[in-house]
Amino acid sequence: MSSTAQLYQAQSVSASQNRPQNWPRLSIAPMLDWTDRHCRFFHRILTKNTLLYTEMVVADAAIHGRRDFLLGFDDTQHPVALQLGGSDPKKLAEAAKIGADFGYDEINLNVGCPSDRVQSGTFGACLMQTPDVVAACVAAMKQAVSIPVTVKCRIGVDEQDTETALGELARLTIGEGVDALWVHARKAWLQGLSPKENRDIPPLDYERVYRLKQQYGAQFIGINGGINNLQEGLEHLQSVDGVMIGRSAYHNPLLLREADALLYGDAHEPVSDAELIDAMCDYCDRHIATGGKLNQVTRHMVGLFAGQPSARRFRQILSVEAPKAGATSDVLRAAYQVIVVAREEAEAYERDFGALNPAE
Ligand SMILES: Cc1cc2nc3c(=O)[nH]c(=O)nc-3n(C[C@H](O)[C@H](O)[C@H](O)COP(=O)(O)O)c2cc1C
């Protein structure tokens with residue numbers, strides 16, 4: 001049994017007590033075009049324990065596509081879960097096996113994405129309407145792999161009653177041994193809203209997810225949607241087993257640096273800004289040496305110093321200079337230098353004038 005499987009099992013013994021150290025209390029949501037391998041490398045430097053999800057990979061693509069390109073990842077990224085899209089149990093089982101062979105720690109099925117492209121393939125959020133199909137997919141994937149098989153879903157779609165819709169999906173998938181349910185705590189509207197609107201407009205209903213956890217005390221239930229920071233995450237953890245953060249973690253990645261200490265009680269020294277930039281420059285150099293482009297990595301870093309002096313300039317340098325032909329990690333170093341200088345200036349100002357204006 002893989003270590004992640006043991007963690008999910010250990011948790012199911014007791015939802016609220018005696019959680020093992022590395023229990024996935026926090027995960028970073030799967031986000032198409034965002035949580036690619038470069039983004040995950042970056043996030044992993046900031047947090048050692050957080051479970052990272054890939055972007056969704058359609059089962060057919062995993063089976064027939066360029067596997068190394070779609071599924072390959074750096075060994076330092078564990079624990080990392082592969083999210084699959086599909087609704088054909090046989091294909092999903094095959095894709096899950098491919099993922100397990102690539103070294104992923106978990107396979108997750110997407111039952112939450114509402115885009116047209118996804119609906120035409122009858123998978124994603126529209127599967128909330130056919131929980132028996134989801135259960136058959138889970139059963140087939142569980143049969144194919146020994147790593148955990150999990151589902152990420154909504155609380156319902158369109159006019160569905162969320163008690164029944166989520167309740168049935170949970171009952172049937174738990175019956176097939178699903179290892180975890182990560183629930184985006186809002187409905188998806190399959191008609192009339194864009195995927196982006198579907199992440200904001202349908203109201204959040206955290207209570208519905210808490211009730212699911214109360215009903216299935218021994219089952220890992222994670223919550224997702226609108227969680228802005230780790231403090232809010234900790235509050236949810238009073239009621240569920242895990243929190244999944246998407247956009248806030250992407251736009252303000254430094255929040256992840258506190259995660260190991262705050263959520264996992266891990267006392268290791270958090271990475272410093274200078275160490276982080278060094279590690280990312282090394283990574284960029286290696287990526288460029290194998291034919292990659294700087295911007296493919298640094299585009300995930302523009303929010304790094306959000307809220308700090310000169311963060312805007314940092315973002316500008318990365319956005320304008322990194323996409324240029326021949327750009328190297330020097331661009332990242334130069335952008336960081338702007339932050340360093342701004343901090344030195346702020347410190348000097350504080351030293352020289354702070355004492356004169358103690359009330360400010
Ligand atoms: C750019 C983007 C791409 C996304 N792609 C996926 C995806 O591939 N699979 C999935 O299950 N959810 C996807 N989502 C939804 C997120 O996983 C998450 O459920 C949603 O953003 C709500 O969480 P948040 O409020 O913490 O961002 C995506 C979200 C964003 C912003």
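Select helices H5 and H7 in this predicted model: their crossing is right-handed. H5 covers residues 89-102 and H7 covers residues 131-144. Their axes come within 8 Å of each other, and the crossing angle is roughly 35 degrees.

Now show the side chains between the two helices. On H5, select Pro-89, Lys-90, Leu-92, Ala-93, Ala-96 and Lys-97. These meet Ala-136, Cys-137, Ala-140, Met-141, Gln-143 and Ala-144 of H7. Coloured by class, the residues of this contact come out as nine nonpolar, one polar and two charged.

Stay on H5 and select Asp-101, which belongs to this helix. Is Asp-101 buried or exposed? Asp-101 is exposed, because 11 C-beta neighbours lie inside 10 Å and the cut-off for exposed is 12 or fewer.

Next, go from Asp-101 to Arg-312. The two residues are 211 apart in sequence, and their C-alpha atoms are 42 Å apart in space. Arg-312 lies in helix H15, residues 311-321. Arg-312 also counts as exposed, because 12 other C-beta atoms lie within 10 Å, a count that still meets the limit of 12 or fewer.

Zoom out and colour the chain by domain. The assignment gives domain 1 as residues 3-264 and domain 2 as residues 273-354. Taken over C-alpha atoms, the centres of domain 1 and domain 2 are 31 Å apart.

Then select the residues where the domains touch. How many residues of each domain are in contact? Ten residues of domain 1 are in contact with eleven residues of domain 2. On the domain 1 side, helix H2 (37-46) and helix H11 (247-251) each supply at least two residues. H2 gives the most to that side, with five residues. By class, the domain 1 side has seven nonpolar and three polar residues, and no charged ones.

Last, colour by pLDDT. The chain average is 91, and 91% of the residues score at least 70. Select residues 11-21, where pLDDT stays under 50. For this stretch the model has 15 contacts beyond four places in sequence. Where pLDDT is low, predicted coordinates should not be read in detail.

Conventions: Residues numbered from 1 in each chain as written. Predicted model: local features only at pLDDT ≥ 70, side-chain atom pairs only at ≥ 80, totals over all residues. Helix = DSSP H or I, 4+ residues; strand = E, 2+ residues; numbered from the N terminus. Buried ≥ 20, exposed ≤ 12 C-beta atoms within 10 Å, placed from the backbone. Axes fitted to C-alpha atoms, helices over the stretch in contact; angles between N-to-C directions. Left-handed = near helix turned anticlockwise from the far one by under 90°. Contact = placed C-beta atoms within 7 Å. Nonpolar A, V, L, I, M, F, W, Y, C, P; charged D, E, K, R; others polar. pLDDT = per-residue confidence, 0-100. Domains from an automatic or database assignment.
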